[in-house]
Amino acid sequence: MAVMVTFLNLIVMFSVVSTGKSLHVNYYEKTCHDLEYIVLKTVKDATTKDKTVPAALLRMHFHDCFVRGCDASVLLNSKGNNKAEKDGPPNISLHAFYVIDNAKKAIEAKCPGVVSCADILALAARDAVYLSGGPKWDVPKGRKDGRTSKAIETRQLPAPTFNISQLQQSFSQRALSAKDLVALSGGHTLGFSHCSSFRNRLQNFNATHDVDPLLNPSFATKLKSICQVKNQAKNAGATMDPSSTAFDNTYFKLILQQNALFTSDQALLDSPKTKHFVSKFATSQEAFFDAFAKSMIKMSSINGGQEVRKDCRKIN
């Protein structure tokens, strides 16, 4: 039954999502010429004060796009009886919403009522990658902001416990290929994860093994010491890779060494096609950067919004 409900949700979701044919790189050239400069400055200022901001913005954009398309529905606050996406279980740890608020405020002062919150988030995610040493790409613009945000729909997000077939299904439902799956997973080169996202690999893994046998034993021991069953610190966890504030190809090298955090990371070796791209990106950072930029443009072109919000946290 749960599978059917999720499938029906996807049908409903994609009936309101377009593939962004109306998007254009120069969409705001005449109506808000300083847009890209304002967003970049806002992200840069926030990153200077808090090194976790880039990872937060990249994750926020991904979580937005995978539910109802890139329509900034992840930014909406819960209201009355409606629990919004940001309060759904996978999104509780999202943060740095204030960065988008700050950019929106500065943009509204220059060009009121013109730029969508969805476009600001897409630009902020690009700038987050670029400021972390990653690639820069031209972001097609013209997205509209959605008017609906439901916490229950965050169940459509790919989970860190997913196997390769679940991952491939999740991405293919959004017209994203195996190459897109591997490239976008490379976003895990930035950031931090709480123990709850990878504890499944450390205890009671399956009927035969207590610890995931695909986890490097010394890495498993280290993670167990961080994620103790008893007396665990409230925000205990681990960085996604040792260079967690630098956008690089370390993540793919870690997968090949069985030192990646999530089941979904290690699962990328379980299909010949995705394994090929893991090896390719581990060998060539240039190939990864090129694929990542193209996949981000593809993913962020899924849009189903209806308006340009005055306030990113509430509908007009």
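Mentor: Let's call it a salt bridge when a side-chain nitrogen of Lys or Arg sits within 4 Å of a carboxyl oxygen of Asp or Glu. Keep in mind that this is a predicted model. With that cut-off, the structure holds 14 salt bridges. Take Glu36 and Lys141, whose side chains meet in a salt bridge at 2.8 Å, N to O.

Now for the domains. The chain splits into domain 1 (34-156) and domain 2 (164-299), and their C-alpha centres lie 23 Å apart. Domain 1 puts 20 residues into the contact and domain 2 puts in 17. How many salt bridges are there between domain 1 and domain 2? The count is zero. The area buried between the two domains is about 1,500 Å², with carbon and sulfur atoms giving 78% of that area.

For another contact, look at helix α3 (residues 53-65) and helix α4 (residues 97-110): their axes come within 9 Å and cross at roughly 85°. That angle falls between 65 and 115 degrees, so α3 counts as roughly perpendicular to α4. On the α3 side, Val53, Leu57 and Met60 make the contact, and they meet Phe97, Tyr98, Val99 and Ile100 of α4. By class, that gives seven nonpolar residues, with no polar and no charged ones.

Notes
Residues are numbered from 1 along each chain as its sequence is written. This is a predicted model: local features need pLDDT of at least 70, side-chain atom pairs count only at pLDDT 80 or more; totals for chains, interfaces and linings use all residues. Side-chain values use heavy atoms; hydrogens and water are left out. Axes are lines fitted to C-alpha atoms, for helices over the stretch in contact, and angles run from 0 to 180 degrees between N-to-C directions. Helices (H or I, at least four residues) and strands (E, at least two) are DSSP runs, numbered from the N terminus. Angles under 35 degrees count as roughly parallel, over 145 as roughly antiparallel, 65 to 115 as roughly perpendicular and the rest as oblique. Contact means heavy atoms within 4.5 Å. Ala, Val, Leu, Ile, Met, Phe, Trp, Tyr, Cys and Pro count as nonpolar, Asp, Glu, Lys and Arg as charged, and the others, Gly among them, as polar. Domain bounds come from an automatic or database domain assignment. Buried area is the accessible area (1.4 Å probe) that two parts lose on being put together, summed over both.
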